[in-house]
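Visitor: I'm new to reading protein structures, and the charged side chains always lose me. Please take me slowly through the places where they pair up.

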2 protein chains.
Amino acid sequence: MIAARGLAGLKTRDLAREIGCANGAVYNLVTDVDELVLRVGSRTLLRLDEALSAAVSAGEPSPREALVRIAIAYCDFAAENLQLWRALFEHRMAADKPLPDWSVNDQMQLFRHIYQPLAALFPERSPEELGITARSLFSAVHGMVTLGLEQKLVAVPLPALRKEIATLVRAMIDGLIAQAA
Amino acid sequence: MIAARGLAGLKTRDLAREIGCANGAVYNLVTDVDELVLRVGSRTLLRLDEALSAAVSAGEPSPREALVRIAIAYCDFAAENLQLWRALFEHRMAADKPLPDWSVNDQMQLFRHIYQPLAALFPERSPEELGITARSLFSAVHGMVTLGLEQKLVAVPLPALRKEIATLVRAMIDGLIAQAA
DNA sequence: CACAAACCTTGAACATTGTTCAATAAATAT
DNA sequence: ATATTTATTGAACAATGTTCAAGGTTTGTG
């Protein structure tokens with residue numbers, strides 16, 4: 001239902017009707033809609049993880065091109081799973097209810113893909129530094145995808161967005177290498 | 001109320017109590033909560049615009065350093081106006097209700113700040129190309145700020161975030177210049 | 001099989017919220 | 001002073017997440 005109608009289109013009554021039970025029965029499967037959304041998010045993250053892995057599995061891309069491929073794969077995944085991907089970031093827990101551990105853990109796994117090529121490019125950096133750089137790179141690409149797929153402003157055609165992402169990822173890497181030298 | 005309790009903490013009844021009227025009277029000032037949020041967003045964008053202008057007004061920074069200053073100013077503004085800034089991006093209209101023109105117009109103004117230094121750095125690029133690059137740069141920085149200020153994952157200390165942003169903005173610019181050469 | 005304990009399902013009920021609207025009051029024009 | 005327009009009120013409505021007592025179903029045990 002999130003995939004079809006977006007996070008805001010997920011209603012417990014509709015959901016109950018669709019799976020054929022009373023609305024109250026939903027709460028036997030899940031304590032909350034919060035939990036429901038996080039469980040869906042968990043699956044989405046798993047599929048995203050696979051998509052990113054697949055992106056670098058063909059051929060032997062250089063670290064630089066591996067990072068470009070990962071970024072493009074992230075963009076493509078978001079475009080192809082727009083509502084599910086958005087749900088990952090749109091969803092907010094109530095301020096007093098923290099994220100469960102398993103959900104936090106899910107999210108951490110993503111940086112792994114970026115970390116490896118980065119480590120190859122910057123062998124002199126410490127794991128902490130690499131972690132920070134990985135998060136920065138991810139965040140930058142995430143921002144481009146987020147605003148690029150947003151219909152709110154101008155609709156960017158997907159091929160143009162992919163090209164822009166590739167350009168900027170290469171620029172970031174080249175710039176970081178130049179700074180390190 | 002958005003500033004104090006976040007977008008999700010804005011309730012028409014609380015608002016009516018606070019301004020001293022019946023809950024129905026809110027709809028004499030505004031047709032919707034949507035409109036209310038957009039009007040607040042308009043003010044926020046105006047203040048953000050001022051903050052970005054102020055960032056480059058002191059001294060005569062090079063285009064490269066102007067872009068760094070703008071990015072840092074964006075980060076600082078978001079940190080200091082966290083809830084109001086988040087409301088700009090968290091808010092979604094219903095799918096069938098498009099944004100009013102004045103609101104769309106508001107958002108376009110932001111790229112102006114980035115456009116000027118970029119034009120100085122890349123005089124051979126067309127206005128369209130510059131517009132695209134400006135949006136890419138903005139999106140990348142926006143992503144870093146968004147995920148950096150999110151408490152969801154690891155809390156990043158603000159000084160570290162500022163430093164990371166400066167590093168990556170310089171890297172992006174240097175990388176883009178190297179590509180152009 | 002008989003019985004009990006655990007579990008599941010149901011649908012009504014509740015609380016919260018955005019929104020509308022008929023009634024009423026206030027302001028303004030004539 | 002009176003009529004007309006405008007603003008305000010607070011009750012009512014609809015949508016929605018959540019709870020819960022009542023009743024049904026499954027499962028374990030002698």
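Guide: Let's start with a word we'll need: a residue is exposed if its relative accessible area is over 50%, buried if that area is under 20%, and partly exposed in between, using a 1.4 Å probe and the protein chains only. One more bit of housekeeping: this is a predicted model, where local features need pLDDT of at least 70 and side-chain atom pairs count only at pLDDT 80 or more, while totals for chains, interfaces and linings use all residues. Residues are numbered from 1 along each chain as its sequence is written, chains are lettered from A and ligands numbered from 1 in the order in which they are written, and side-chain values use heavy atoms, with hydrogens and water left out.

Now for the charges. Side chains of opposite charge can pair when their charged atoms come close. Such a pair is called a salt bridge when a side-chain nitrogen of Lys or Arg is within 4 Å of a carboxyl oxygen of Asp or Glu. Over all chains, a search of the whole structure turns up 23 of them.

Find B:Asp14 and B:Arg17, whose closest N and O atoms are 3.1 Å apart. Why is about one helical turn between them? Both sit in helix H2 (residues 12-19) of chain B, 3 residues apart. (Helices here are DSSP runs of H or I with at least four residues, strands are E runs of at least two, and both are numbered from the N terminus.) B:Arg17 is exposed, at 61% relative accessibility, whereas B:Asp14 is partly exposed at 25%.

Next, slide over to chain A, where A:Lys97 and A:Asp32 form a salt bridge with N and O 2.2 Å apart. This one ties together distant parts of the chain, 65 residues apart: A:Asp32 is in the loop between helix H3 (26-29) and helix H4 (33-57), and A:Lys97 is in the loop between H6 and H7. Both ends are partly exposed, A:Lys97 at 32% and A:Asp32 at 26%.

Chain B has a salt bridge between B:Asp32 and B:Lys97, with an N to O distance of 2.2 Å. Here too the partners lie 65 residues apart, with B:Asp32 in the loop between H3 and H4 of chain B and B:Lys97 in the loop between H6 and H7 of that chain. B:Asp32 is partly exposed at 25%, and so is B:Lys97 at 31%.

Some charges link up as a group: A:Arg64, A:Glu65, A:Arg170 and A:Asp174 join in a network of salt bridges.

Finally, look where the two chains meet. Each gives 35 residues to the contact, which means heavy atoms within 4.5 Å. Between chain A and chain B there are 4 salt bridges. One of them joins A:Glu150 to B:Arg92, N to O at 2.8 Å. On chain A's side, the elements giving two or more residues are helices H6 (82-90), H7 (101-121), H8 (127-149) and H9 (158-180). The largest share, 11 residues, comes from H8(A). By class, that side of chain A has 17 nonpolar, 10 polar and 8 charged residues. For those classes, Ala, Val, Leu, Ile, Met, Phe, Trp, Tyr, Cys and Pro count as nonpolar, Asp, Glu, Lys and Arg as charged, and the others, Gly among them, as polar.
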